[in-house]
Amino acid sequence: MVIATWRGWGNAASVALAVGLAFVFGYSLTLGPVLRAGVPIRRALPLAFASDTASITVMEIVDNAFILLVPGAIDAGLGQALFWWSLGVSLAIAYVFAFPLNRWLIARGRGHAVVHEFHGH
């Protein structure tokens with residue numbers, strides 16, 4: 001959202017960029033430790049997709065829905081408190097929805113559980 005707002009892009013481009021970057025960075029944060037654990041990229045990619053897709057999807061749906069529902073938030077500029085307030089609150093609300101989903105998936109051996117063996121705890 002910050003990049004698209006800074007560049008003056010429209011609402012659809014802003015949401016598309018935010019969603020695209022969320023998936024890129026979300027998968028990257030999982031791939032790093034898995035690749036460092038010696039897992040080949042051909043195996044690591046499906047593991048990252050399996051572990052993060054549901055969580056990122058829920059986060060993005062809730063996050064962007066909140067931004068779109070708050071009057072003026074999607075059109076607010078970087079210098080406006082509404083932009084930063086709505087962005088922060090949207091992420092906090094999205095976390096509230098994604099956290100139980102992740103716990104549910106992990107309890108069933110899915111989600112982040114598929115990569116736990118590759119993370120050094």
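Predicted model: local features only at pLDDT ≥ 70, side-chain atom pairs only at ≥ 80, totals over all residues.
Trainee: What does the C-alpha trace span along its principal axes?

Mentor: About 45 × 30 × 25 Å.

Trainee: And how much of the chain counts as buried?

Mentor: Of its 121 residues, 34%. The accessible surface comes to about 7200 Å², and carbon and sulfur atoms hold 69% of that.

Trainee: What share of the contacts comes from residues 24 or more positions apart?

Mentor: They account for 61%, counting contacts in the chain with a separation of 6 or more.

Trainee: Charges next. How far apart are the mean positions of the positive and negative ones?

Mentor: The 7 positive and 5 negative charges have mean positions 12 Å apart.

Trainee: Back to the surface. Which residues form the nonpolar patch?

Mentor: L35, I41, L45 and F49. Together they have about 320 Å² of accessible area.

Trainee: Which helix gives the most to that patch?

Mentor: Helix α3, residues 41-69, with three residues. L35 sits in helix α2, which covers residues 11-36.

Trainee: Why does L35 count as partly exposed?

Mentor: Because its relative accessible area is 35%, and partly exposed is the range between under 20% for buried and over 50% for exposed.

Trainee: Staying in α2, where is G26, and is it buried or exposed?

Mentor: G26 is found in helix α2. Its relative accessibility is 16%, so G26 counts as buried.

Trainee: What does G26 touch, leaving aside its neighbours within four places in sequence?

Mentor: G26 is in contact with L21, D52 and I56.

Trainee: How far is G26 from T57?

Mentor: Their C-alpha atoms are separated by 10 Å, and the two residues are 31 apart along the chain.

Trainee: Now S55. Where is its place, and why does it count as buried?

Mentor: S55 is in helix α3. It counts as buried because its relative accessibility is 9%, and the limit for buried is under 20%.

Trainee: Which residues does S55 touch?

Mentor: A98, L101 and N102, with residues up to four places away in sequence not counted.

Trainee: N102 again, then. Which residues does H112 touch?

Mentor: H112 touches S51, D52, N102 and I106, with residues up to four places away left out. So N102 is a contact of both S55 and H112, and D52 is one for G26 as well as for H112.

Trainee: Where does H112 lie?

Mentor: In the segment after α4, and that helix covers 81-107.

Trainee: Is H112 buried, exposed or partly exposed, and why?

Mentor: H112 is partly exposed, because its relative accessible area is 23%.

Trainee: Last one. How far is H112 from A12, in sequence and in space?

Mentor: They are 100 residues apart in sequence and 30 Å apart in space, C-alpha to C-alpha.

Methods
Residues numbered from 1 in each chain as written. Heavy atoms only, no water. Patch = residues over 30% accessible without salt bridge, like charges linked within 9 Å, V, L, I, M, F, W, Y side chains within 5 Å. Areas by Shrake-Rupley, 256 points an atom, 1.4 Å probe, with all protein chains shown as cover. Salt bridge = Lys/Arg side-chain N within 4 Å of Asp/Glu carboxyl O. Helix = DSSP H or I, 4+ residues; strand = E, 2+ residues; numbered from the N terminus. Buried < 20%, exposed > 50% of the residue type's maximum accessible area, 1.4 Å probe, protein only. Contact = heavy atoms within 4.5 Å. Lys, Arg positive; Asp, Glu negative; His and termini not counted. Charge placed at Lys NZ, Arg CZ, Asp CG, Glu CD.
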